[in-house]
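Please look over the sequence and the structure first.

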Amino acid sequence: MGERKLDKSLGIRTVGIREWTDNKVQYNRYEATPYKALNILFENYKFRDVDKVVDFGCGRGRVVFYLHNRFHLPVTGIEANYKTYEEALENKALYRLRAEHINAPLKFKYGLAQHYKIDKKDNCFYFFNPFSVHIFRKVVHNILRSVEKDRRTVDLILYYPIREYKDFLKTSTPFSIINKIRVPGGSDKKEKFIIYRLREEVFDEDDYWVS
Ligand SMILES: C[S@@+](CC[C@H](N)C(=O)[O-])C[C@H]1O[C@@H](n2cnc3c(N)ncnc32)[C@H](O)[C@@H]1O
């Protein structure tokens, strides 16, 4: 099924691209994760029923609706482009008509990812290359501060991971890679997911530190 048809089955519109018009070099354009990639990811990645997901730079909300619909999980999307955020809200209104039976909360917040206050129950964070590594560092720092305060296991899911993100996570954080999932048929080496995990037990280890 094509992207538009899959959108239609959820009652949403997420196809297309939106560039930033006002020279926001740290912020990347809108483009949704392909449904094909999401299907592959969730054939290989298992959620637990306690999971609460945040999509940093959620755009029109494709990942948010997909997860909510398929796994009935609480999901929050953060979006910095007001027009795109409004489109996510329009999608939510239409999606909710079809998904009344799913009780889990589904939220969109307008604002910068680096200003989002991590909830103590947030434990799975999705990034499709939304912004510069400079902002990514701040967001990961916020996640680490939150888990130090309220200890829990957390995962980061990176789609189309760029070298700067990977280098930062490897050299400056306690996250480790638990899985790499390639999207079949993709011609580009970056068409894959990398899942990073920080286990709760890590905090009990003597050499745990966060820069
Ligand atoms: C590549 S799109 C990913 C959309 C969605 N996560 C998905 O996978 O379908 C990146 C999105 O991040 C948003 N964005 C860029 N910088 C941001 C920031 N600092 N805070 C929140 N959102 C941001 C863009 O406007 C864009 O909608």
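## Contact between two helices

Two residues are in contact if their C-beta atoms, placed from the backbone, lie within 7 Å. In this predicted model, Val133, Phe136 and Arg137 of α5 meet Glu164, Tyr165 and Phe168 of α6. By class, the residues of this contact are four nonpolar, no polar and two charged.

Helix α5 covers residues 133-149 and helix α6 covers residues 163-172. The two helices pack at an angle of about 35°, and their axes are 10 Å apart. The crossing of α5 past α6 is right-handed.

## The chain as a whole

The protein chain contains six helices and nine strands. Along the principal axes, its C-alpha trace spans about 50 × 40 × 35 Å.

The radius of gyration of the protein chain is 17 Å, which agrees with the value near 17 Å that a compact globule of 211 residues would have.

## The sheet

Strands of a sheet pair through backbone hydrogen bonds, in either a parallel or an antiparallel way. Here, seven strands make up an open sheet with mixed pairing, in the order β5-β4-β3-β6-β7-β9-β8. The edges are β5 (106-110) and β8 (176-182); each has a single partner strand, so one side of each is left without a neighbour in the sheet. On average, neighbouring strands of this sheet are turned by 20° against each other, direction ignored.

Isoleucine 177 has tyrosine 196 in β9 as its bridge partner. Helix α2 (residues 35-44) packs on the sheet and touches β7 (154-159), β8 and β9. The direction of α2 makes about 130° with that of β8.

## Around the ligand

Which residues are closest to the ligand? They are Tyr27, Gly57, Gly59, Phe128 and Pro130, out of 24 residues that surround the ligand. The elements that give two or more residues to this shell are β2 (30-31), α3 (62-71) and β4 (75-79). One of them, β4, also belongs to the seven-stranded sheet.

By class, the shell around the ligand consists of 13 nonpolar, seven polar and four charged residues.

Definitions and conventions: Residues are numbered from 1 along each chain as its sequence is written. This is a predicted model: local features need pLDDT of at least 70, side-chain atom pairs count only at pLDDT 80 or more; totals for chains, interfaces and linings use all residues. A residue is near a molecule or strand if its C-beta atom, placed from the backbone, lies within 6 Å of it. Helices (H or I, at least four residues) and strands (E, at least two) are DSSP runs, numbered from the N terminus. Ala, Val, Leu, Ile, Met, Phe, Trp, Tyr, Cys and Pro count as nonpolar, Asp, Glu, Lys and Arg as charged, and the others, Gly among them, as polar. Two strands pair if DSSP finds at least two bridges between them. Axes are lines fitted to C-alpha atoms, for helices over the stretch in contact, and angles run from 0 to 180 degrees between N-to-C directions. A crossing is left-handed if the near helix is turned anticlockwise from the far one by less than a right angle, and right-handed if clockwise. The radius of gyration is taken over C-alpha atoms; the globule rule is 2.2 Å times the number of residues to the power 0.38.
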